[in-house]
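The sequence and the structure come first.

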Amino acid sequence: MNSKTNIDILITNASELLTCKSSNPQRPKIYKDLSDLGVINNGAIAVENGKIISVDTTENLIKLFNAKTTINAKDKVVMPGFVDCHTHAIFSGTRENEFLKKQEGISYLDILKQGGGILSTVEKTRKATKEELFQKAKKTLKRMLEYGTTTVEIKSGYGLTFEDEKKILEVALELEKIQPIDIIRTYLGAHTVPKDMIREDYIKEVITSLENIKPYAEFCDVFCEKGIFSVDETREILTYAKKLGFKLKLHSEQNNLLHSAELASELHAISADHLEHISDTGVEALAKNNVIGVLLPGVPFYLMEEKYANAKDMINKGVALAIASDFNPGSCPSYNMQLMISLACLKMKLLPSEAINAATINAAFAIDRAHEVGSLEVGKKADIIILDIENHNQLPYFFGINLVETVIKNGKIVF
Ligand code: NIG
Ligand code: FE
């Protein structure tokens, strides 16, 4: 008699199965946790009904299960799908003209001051129909999936009127229904002051729009930056957002030190993102209130800037770090999370294990989804990727190459 349980998918023989399961059930916020990938050699994973039902060695699982589909992952790495917890993936147009300006040495903030940058994407995005934005972002999401991303956060911020911001968030909502990647929506009305408006008036408009935008977004974010929104303006917007039930994020300390990391801590934001110019007190403040530091190594790389976030220092001081792409048409036109992991190792000296945890489980924490994605654990969504590498150190070692061979989302093979 066969006493094995019938299941949908069984992946076997993984040279390394990276569970990304931390021994600390709370937010992993200490160095030891981040470097612990929970590796199972010759690992296997069982999937039934979209969920992970068992994670163990191949030897143990083949005794227990009969699968409709068995995938032999011999000489391959099996790990959770990437969680890209910071993107601006819905927009119209491209900005390769700025690429040339950048090469001449004109800075990101100067390009914006000249009416380019975010504002030029705003102009194009306002003109685009919902259908046009939908089709373009649908293509993006399809390719993200091929690169192993199974959950993505998407911010508005290229509309800067209530209707245009709503349009972007509605596109995100509709995309969620027709393709496999889970989408977390963030309202970033305070991305910059639109061309035709006085800043005080626009800040008031953002604040008054919060209530009506609430049904469309889970998070609220502000681009807190010199010449964009000050710490006090950011506090005003986010305090009201919090009152309305938004979870909070901040674009923080990217080009200048404004002490917005302290504000992120004061408001108990879920994450503070960028952090290239954070101070010691800012680092301590993040650690104290478990605000996740979301690092975006693709941005300084693409903007040809020398200064990267001091990831090692933050880890040593107890900040939980995540990595994301910041995919957007200006400062990082890439959503390749494998490349972001390589850059985090090469430019921020993270260990491969730390960077991988930062791009999976800690990224899931940064969008409040660690209970369902980001690690290979029983009960979580079966979001699993198989990479054509023999061990996890090869992930950052090869760079700019798509190593992903198979993508399983919610228990279905989608690539
Ligand atoms: O995260 N910093 C502000 N916003 C984006 C860039 C947006 C753009 O340039 O279009 C960022 O880098
Ligand atoms: Fe961003």
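The text below goes through the aromatic pairs, then the lysines over rings, then the strands.

**Aromatic pairs**

The model is predicted. A pair of aromatic rings is described by the distance of the centres and the angle of the planes. Six aromatic pairs are counted in this model. Phe91 and Phe327 make up one of them, with a tilted geometry. This pair links distant parts of the chain, 236 residues apart. Phe91 sits in the loop between β6 (82-84) and α3 (96-103), and Phe327 sits in the loop between β13 (321-323) and α14 (337-348). Phe91 counts as buried because its relative accessibility is 6%, under the 20% cut-off. Phe327 is also buried, with a relative accessible area of 7%.

Phe99 and Tyr302 form another tilted pair. Phe99 belongs to helix α3 and Tyr302 to helix α12 (residues 298-302), so this pair ties together parts that are 203 residues apart in sequence. Phe99, at 37% relative accessibility, counts as partly exposed. Tyr302 counts as partly exposed as well, at 24%.

The geometry of the two pairs is listed here.

| Pair | Centre to centre | Angle between planes | Class |
|---|---|---|---|
| Phe91 and Phe327 | 5.7 Å | 50 degrees | tilted |
| Phe99 and Tyr302 | 5.8 Å | 55 degrees | tilted |

Both angles fall in the tilted class because planes under 30 degrees apart count as stacked and planes over 60 degrees apart as edge-to-face.

Which residues share an aromatic cluster with Phe91 and Phe327? Tyr147, Tyr158 and Tyr335 do, and these residues together with Phe91 and Phe327 form one cluster.

**Lysines over rings**

Two lysines are placed over phenylalanine rings. Lys214 lies over the face of Phe246, at 5.3 Å from the ring centre. Lys249 lies over the face of Phe219, where the distance from the ring centre is 5.0 Å.

Strand β14 covers residues 384-387. Both of its faces are covered: Ile384 and Ile386 on one side are buried, as are Ile385 and Leu387 on the other.

Strand β14 is paired with β5 (residues 77-80), and the two run antiparallel, joined by four bridges. Strand β15 (residues 404-409) is likewise antiparallel to β14, and four bridges join them. Ile384 is one of the buried residues of β14.

Methods:
Residues are numbered from 1 along each chain as its sequence is written. Chains are lettered from A and ligands numbered from 1 in the order in which they are written. This is a predicted model: local features need pLDDT of at least 70, side-chain atom pairs count only at pLDDT 80 or more; totals for chains, interfaces and linings use all residues. Side-chain values use heavy atoms; hydrogens and water are left out. Rings of Phe, Tyr and Trp (its six-membered ring) pair if their centres lie within 6.5 Å; planes under 30 degrees apart count as stacked, over 60 as edge-to-face and the rest as tilted. Buried means under 20% relative accessible area, exposed over 50%, partly exposed in between (1.4 Å probe, protein chains only). A charge sits over a ring if NZ of Lys or CZ of Arg is within 6 Å of the ring centre and within 35 degrees of the ring normal. Two strands pair if DSSP finds at least two bridges between them.
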